[in-house]
Amino acid sequence: MSTVNLTPGEMEAALGEKLRALRLSRNLDQKTLAERAGLSVRALRSLESGQGSTVKTLVGVLRALGRQDWLNTIAPVATINPLTLTREAQPRQRASRPHRTGNAE
């Protein structure tokens, strides 16, 4: 499912569905996960249903599920800075041949 053209509400619902599917794949009920995350069941239910939540709730649930690595994909740090590549590039050793045009004189 592409999230490019989704509204914020649709994105919240899609995230909630993914978290619910992950919880179920770990065979956890909402009460158990909420306890592990230090949250109320109501907060977890709101997150899973896409009805709005807090970043604290999201982070708590991700940590309880062992998936806090998802947060690294939100804004990854670039490992290569294109500006430094030009400084490290080797200087030219030769000039290129002039480009020929179709007009022969």
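Student: What makes the largest nonpolar core a core, and which of its residues touch the most other members?

Tutor: A nonpolar core is a set of buried Ala, Val, Leu, Ile, Met, Phe, Trp, Tyr and Cys residues joined through side-chain atoms within 4.5 Å. Buried means under 20% relative accessible area, exposed means over 50%, and partly exposed lies in between, with a 1.4 Å probe and protein chains only. The largest such set has 13 residues, and Leu19, Leu33, Leu44, Leu47, Leu58, Val61 and Leu65 touch the most other members. At least two residues of this core come from each of H1, helix H2 (30-37), H3 and helix H4 (55-64). The model is a predicted one, in which local features need pLDDT of at least 70 and side-chain atom pairs count only at pLDDT 80 or more, while totals for chains, interfaces and linings use all residues. Residues are numbered from 1 along each chain as its sequence is written, and side-chain values use heavy atoms, with hydrogens and water left out.

Student: What is Leu33 in contact with, leaving aside its neighbours within four places in sequence?

Tutor: Contact means heavy atoms within 4.5 Å. On that basis Leu33 is in contact with Arg23, Leu28, Leu44, Val61, Ala64 and Leu65.

Student: How many helices and strands does the protein chain have?

Tutor: Helices (H or I, at least four residues) and strands (E, at least two) are DSSP runs, numbered from the N terminus. The protein chain has 5 helices and 0 strands, and its elements run α-α-α-α-α from the N terminus on. Of its 105 residues, 20% count as buried. Among contacts with a separation of 6 or more, 52% are between residues 24 or more positions apart.

Student: Why is the pair Arg23 and Glu48 called a salt bridge?

Tutor: A salt bridge is a side-chain nitrogen of Lys or Arg within 4 Å of a carboxyl oxygen of Asp or Glu. The closest N and O atoms of Arg23 and Glu48 are 2.6 Å apart, so the pair meets the limit of 4 Å. It links distant parts of the chain, with Arg23 in helix H1 (residues 8-25) and Glu48 in helix H3 (residues 41-49), 25 residues apart.

Student: Are Arg23 and Glu48 buried or exposed?

Tutor: Arg23 has a relative accessible area of 5%, so Arg23 is buried. Glu48 has 7% relative accessibility and therefore counts as buried. Not counting residues up to four places away in sequence, Glu48 touches Gly16, Glu17, Leu19, Arg20, Arg23 and Gln30.

Student: How many salt bridges does the structure hold?

Tutor: The structure holds 2 salt bridges. Besides the pair above, the side chains of Asp69 and Arg67 meet in one, at 3.5 Å from N to O. Asp69 has a relative accessible area of 38% and is therefore partly exposed. Arg67, at 25% relative accessibility, counts as partly exposed.

Student: What makes the largest pocket a pocket, and how much space lies in it?

Tutor: On a 1 Å grid over the protein atoms alone, a pocket is an open set of points where a 1.4 Å probe fits, with protein on both sides within 12 Å along at least five of seven lines; lining residues have an atom within 4 Å of a point. About 350 Å³ of space lies in the largest pocket. Its lining has 15 residues, of which Leu15, Leu47, Leu58, Leu62 and Ile74 lie nearest its centre. H1, H3 and H4 each supply at least two residues of the lining, and H4 gives the most, with 3 residues.

Student: Why is Asn27 called exposed?

Tutor: Asn27 has 69% relative accessibility, so Asn27 counts as exposed. Asn27 is found in the loop between H1 and H2. Although Asn27 is not a glycine, it has a positive phi of about 60°.

Student: What label does Ser46 get for its accessible area?

Tutor: Ser46 is partly exposed because its relative accessible area is 24%. Ser46 lies in helix H3. Leaving aside its neighbours within four places in sequence, Ser46 is in contact with Gln51 and Gly52.

Key:
Points joined across faces, edges and corners; volume = space filled by probe spheres on them.
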